[in-house]
Amino acid sequence: MDDIIKVENLTHTYGVGTPFERSAVENMSLSIRRGELLGLIGHTGSGKSTLIQHLNGLLRPTGGRVLLDGKDIWAEPKKIRDVRFRVGLVFQYPEYQLFEETVRKDIAFGPVNMGLGGEELDRRIRDAARFAGLDESLLDKSPFALSGGQKRRVAIAGVIAMEPEVLVLDEPSAGLDPRGREELLAHIRTYHRERGNTVVLVSHSMEEVARYADRIVVLAHGHTLMDGTPREVFAHGQELVRAGLDVPQSTRIAMALRARGLDIDPAVYTVEELADALLALRKGGEASC
C-alpha cells in the first residue's frame, strides 16, 4: 500500500517572535497510506488539531512539508484550493457551520464550489446523505429543524459530497449519545469499505479507534509516540497510560490480570479477544489439574 500523504519533519510554531511562542508540532514525520482507515490518537495539547489542519493546507508549516501523492502541497500556493477538495476536513462540532436554507443546499455547497451541477450534483448529494446515514426525506428540510445528531450527519455529508481522496474527521462522535456515536461510526466504516478512500479518524477515545482503525498513530507533546496496528500499539498499554492516555477497557483488564501473574496477552483490545483469552486460561488451568 503506497502513501497518499507524507508528513516530513513538520513543525508549526504559534506566536513566533512573541512571549507566547510555542511549537504545537515539532519535527513530526508520519505517513498516511492510500485506502487505510487511520486512527489518530492523543490527549488535549498533543498536536492532533494542528497536524490535521496542515493536511489540506489550512495551516502552512513553520518547518518541514506535507506531500500529497509525492508533491509538496505548498509548491504552488495558488492551487491550495485544489488540495482542499482532495483532502476533506470535518472539524469537531461541524453542525455549528451549517447555514443554508435546506439540508440539500448545505450538502451541495462544496460540490457547487467545485463547479458541479445537474445530475452529477444530485448523485453526489444522495450518495453523501446515504453514507452519512441521512434519509432522503430530510433533504428539503431546514438543517436547523433537525436533531443534533442529524445536523452532525449533514455537515459530514457536505464534505463527503466533494468525494475527497482523503476524509479527515476530527472527533466525529464528540457529544453524541452512545447509540448516536455507534451509528455514526458504523456509517463511516461503511463509507470506507464501499469507497475504499483513505479515512483519518481523530479521537481521544481508544475504544473507538480500537474497533475501527487499521492502524493507529499516537501523538504526545507534538511528537509521534507510537505507530502500528491496534495490537502493536496496545501491547504497550503501560506506556500509553504513563503518557496520560487511556486504553480500551479490555486491554486494561488484561493488563491487571497479567500483573496478578496470569499468563494473558496484554495486547487484547476487544471484548471478544478478552473472552477468548479468559477461556484459554480456564482450559489451560483445567488441563493442569
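**Reading pockets, a buried histidine and a hairpin**

Me: How many nonpolar, polar and charged residues are in the lining of the largest pocket?

Reply: Classes come first: Ala, Val, Leu, Ile, Met, Phe, Trp, Tyr, Cys and Pro count as nonpolar, Asp, Glu, Lys and Arg as charged, and the others, Gly among them, as polar. Here the lining of the largest pocket holds 14 nonpolar, 6 polar and 3 charged residues. This is a predicted model, where local features need pLDDT of at least 70 and side-chain atom pairs pLDDT 80 or more, while totals for chains, interfaces and linings use all residues. Residues are numbered from 1 along each chain as its sequence is written, and side-chain values use heavy atoms, without hydrogens and water.

Me: Which residues lie nearest the centre of the largest pocket?

Reply: A pocket is an open set of points on a 1 Å grid over the protein atoms alone, where a 1.4 Å probe fits, with protein on both sides within 12 Å along at least five of seven lines; lining residues have an atom within 4 Å of a point. In this model, L89, Q97, F109, V159 and M162 lie nearest the centre, out of 23 lining residues. The volume, meaning the space filled by probe spheres set on the points (joined across faces, edges and corners), is about 600 Å³.

Me: Which elements supply at least two residues of that lining?

Reply: Elements are DSSP runs numbered from the N terminus: helices (H or I) have at least four residues, strands (E) at least two. The suppliers are α2 (80–86), β6 (87–90), α3 (103–113) and α5 (148–160).

Me: What is the volume of the second largest pocket?

Reply: About 280 Å³. H43, T44, G45, K48 and S49 are the closest to its centre among 16 lining residues. By class, the lining has 1 nonpolar, 11 polar and 4 charged residues.

Me: Is H192 buried or exposed?

Reply: Buried means under 20% relative accessible area, exposed over 50%, partly exposed in between (1.4 Å probe, protein chains only). H192 is at 11%, so it counts as buried. H192 sits in helix α6 (178–195). Leaving out residues up to four places away in sequence, H192 contacts G35, E36, L37, N197, V199 and D214; contact means heavy atoms within 4.5 Å.

Me: How many bridges join β1 to β4?

Reply: Strands pair if DSSP finds at least two bridges between them. β1 (3–14) and β4 (63–68) run antiparallel with 5 bridges. K6 faces L67 of β4. β4 also pairs antiparallel with β5 (71–72), over 2 bridges. There, L68 has K71 as its bridge partner. Between the strands of this hairpin are 2 residues, and D69 takes a positive phi near 50 degrees.
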